[in-house]
Amino acid sequence: MPGRRDLYDPTGERHGIPTFPWKLAPEGYATYRQLRAAGLRPGGQPVAAQLLRPRRRRGPLTAYLYRIDRALPVRPMTPARRAALAKANAAQQICPNCRCDVGYRIPRSHGMCGTCIHHEEQRAA
Ligand SMILES: [Zn+2]
């Protein structure tokens with residue numbers, strides 16, 4: 001079990017990249033998720049630092065950090081991108097089982113539309 005000392009390595013001497021304990025992220029860094037929430041993307045920069053959170057009986061949970069000052073705005077929506085997205089969404093509205101366009105996105109975990117699920121359940125009952 002690594003001690004707290006092992007999780008604090010701001011120079012990256014032991015871990016190869018600057019490492020901080022969970023919740024002690026330095027100023028100016030953000031995770032990919034945090035960047036996206038702010039409308040930013042890493043923009044090709046390498047991972048700048050990492051956060052480690054110790055876990056019982058497993059390796060520590062790792063979150064990679066990027067420098068906010070090197071992040072770029074998310075690619076703007078172009079007509080071609082919008083069309084590709086619309087097409088992908090439309091495809092997800094078609095039930096793979098009955099081929100009906102149900103008008104909403106079918107969750108992949110369901111794999112079929114509500115009507116089909118209902119019929120399957122009826123059959124199983
Ligand atoms: Zn269906």
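Trainee: What percentage of the 125 residues in the protein chain do buried residues make up?

Mentor: Buried residues come to 21% of the 125. Keep in mind that this is a predicted model.

Trainee: Okay, and what radius of gyration does the protein chain have?

Mentor: The protein chain has 22 Å, whereas a compact globule of 125 residues would be near 14 Å. Along the principal axes, its C-alpha atoms fill a box of roughly 60 × 45 × 20 Å.

Trainee: Which domains is the chain divided into?

Mentor: There are two entries here: domain 1 covers 4–73 and domain 2 covers 79–124. Their C-alpha centres lie 37 Å apart.

Trainee: And the secondary structure, how many helices and strands?

Mentor: Four helices and six strands. In sequence order the pattern reads α-β-β-α-β-β-β-β-α-α.

Trainee: Is Thr19 buried or exposed?

Mentor: Buried, because its relative accessible area is 0% and the cut-off for buried is under 20%.

Trainee: Which residues does Thr19 touch, leaving out those up to four places away in sequence?

Mentor: Leu7, Tyr8, Asp9, Pro10, Gln50 and Leu52. With Gln50 there is also a polar contact of 3.0 Å between the side chains.

How values were computed
Residues are numbered from 1 along each chain as its sequence is written. This is a predicted model: local features need pLDDT of at least 70, side-chain atom pairs count only at pLDDT 80 or more; totals for chains, interfaces and linings use all residues. Side-chain values use heavy atoms; hydrogens and water are left out. Domain bounds come from an automatic or database domain assignment. Buried means under 20% relative accessible area, exposed over 50%, partly exposed in between (1.4 Å probe, protein chains only). A polar contact is a pair of N or O atoms within 3.5 Å; within protein, one must be able to donate a hydrogen and the other to accept it, and residues adjacent in sequence count only if both atoms are side-chain atoms. Contact means heavy atoms within 4.5 Å. Helices (H or I, at least four residues) and strands (E, at least two) are DSSP runs, numbered from the N terminus. The radius of gyration is taken over C-alpha atoms; the globule rule is 2.2 Å times the number of residues to the power 0.38.
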